[in-house]
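Have the sequence and the 3D view open, and follow along.

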Amino acid sequence: MYLIGFGYHYALTGDRAHVARHWDTALKIVEWAIRYGDPDGDGYIEYETKAARGPRHQGWKDSENAIVRADGSQVDPPIAACEIQGYWYVALQFMAALAVVMRERT
């Protein structure tokens, strides 16, 4: 969401100095998401619960029975929730546009 807000701020203001000030942070967020959000390298951001206690599913539908198959059985993590893929896609689109603003190839 930081990346989406970052890109949206530029879209509204055209403030290149703001982008320059926060560019390294934005790049670190992309790197973190790729490294830890996509550990299998398939291009999807997914989560897998590691804690012994707490909700099994950690998307916006945090609950034990939030993500099920058509027959009602639980889907086992890792989960690549469609909402997260949409956020990630928008974030990468903003970063691509901002890379042009920053005259960088990332």
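Tyr2, Leu3, Phe6, His9 and Tyr10 of helix 1 meet Arg16, His18, Val19, His22, Trp23, Thr25, Ala26, Ile29 and Val30 of helix 2, where a contact is a pair of heavy atoms within 4.5 Å. Helices here are DSSP runs (H or I, at least four residues; strands are E, at least two), numbered from the N terminus. Sorted by class, this contact has nine nonpolar, four polar and one charged residues. For that sorting, Ala, Val, Leu, Ile, Met, Phe, Trp, Tyr, Cys and Pro count as nonpolar, Asp, Glu, Lys and Arg as charged, and the others, Gly among them, as polar.

A quick word on where all this comes from. The model is predicted, so local features need pLDDT of at least 70 and side-chain atom pairs count only at pLDDT 80 or more, while totals for chains, interfaces and linings use all residues. Residues are numbered from 1 along each chain as its sequence is written, and side-chain values use heavy atoms, with hydrogens and water left out.

Now for how the helices pack. Two packed helices are described by the angle between their axes and the distance between the axes. The axes are lines fitted to C-alpha atoms, for helices over the stretch in contact, and the angles run from 0 to 180 degrees between N-to-C directions.

| Helix pair | Angle | Axis distance |
|---|---|---|
| Helix 1 and helix 2 | roughly 160° | within 10 Å |
| Helix 2 and helix 3 | about 135° | 11 Å |
| Helix 1 and helix 3 | about 45° | 8 Å |

What do those angles say? Under 35 degrees counts as roughly parallel, over 145 as roughly antiparallel, 65 to 115 as roughly perpendicular and the rest as oblique. With axes crossing at roughly 160°, helix 1 is therefore roughly antiparallel to helix 2. At about 135°, helix 2 is oblique to helix 3. Helix 1 and helix 3 are oblique to each other too.

Handedness comes next: a crossing is left-handed if the near helix is turned anticlockwise from the far one by less than a right angle, and right-handed if clockwise. Helix 1 passes helix 2 in a left-handed crossing, helix 2 crosses helix 3 left-handed, and the crossing of helix 1 and helix 3 is left-handed.

Who does the touching between helix 1 and helix 3? Leu3, Ile4, Phe6, Gly7, Tyr8 and Tyr10 in helix 1 meet a set in helix 3 that includes Trp88, Phe94, Met95 and Leu98.

In the crossing of helix 2 with helix 3, which is left-handed, helix 2 brings residues including Arg16, Val19, Trp23 and Leu27, and helix 3 brings Trp88, Leu92, Met95, Leu98, Ala99 and Val101. The class count there is 13 nonpolar, no polar and one charged.

The largest nonpolar core has 17 residues, and Leu3, Phe6, Val19, Trp23, Trp88, Met95 and Leu98 touch the most other members. Helix 1 (2–13), helix 2 (16–37) and helix 3 (82–101) each supply at least two residues of it. A nonpolar core means a set of buried Ala, Val, Leu, Ile, Met, Phe, Trp, Tyr and Cys residues joined through side-chain atoms within 4.5 Å. Buried is under 20% relative accessible area, exposed over 50%, partly exposed in between (1.4 Å probe, protein chains only). Val19 is in contact with Phe6, Tyr10, Leu98 and Met102, leaving aside its neighbours within four places in sequence.

Some other residues deserve a look. Glu46 sits in the loop between helix 2 and helix 3 and counts as buried at 12% relative accessibility. Not counting residues up to four places away in sequence, Glu46 touches Gly37, Asp38, Pro39, Asp40, Pro78, Ile79 and Ala80. Gln85, in helix 3, is buried at 15%.

Pro78 lies in the loop between helix 2 and helix 3, and the peptide bond from Pro77 to Pro78 is cis, with omega near 10°. Arg103, in the segment after helix 3, has a positive phi of about 55° although it is not a glycine. Most residues other than glycine have a negative phi, and most peptide bonds are trans. Is Arg103 buried or exposed? Arg103 is exposed, with a relative accessible area of 69%.
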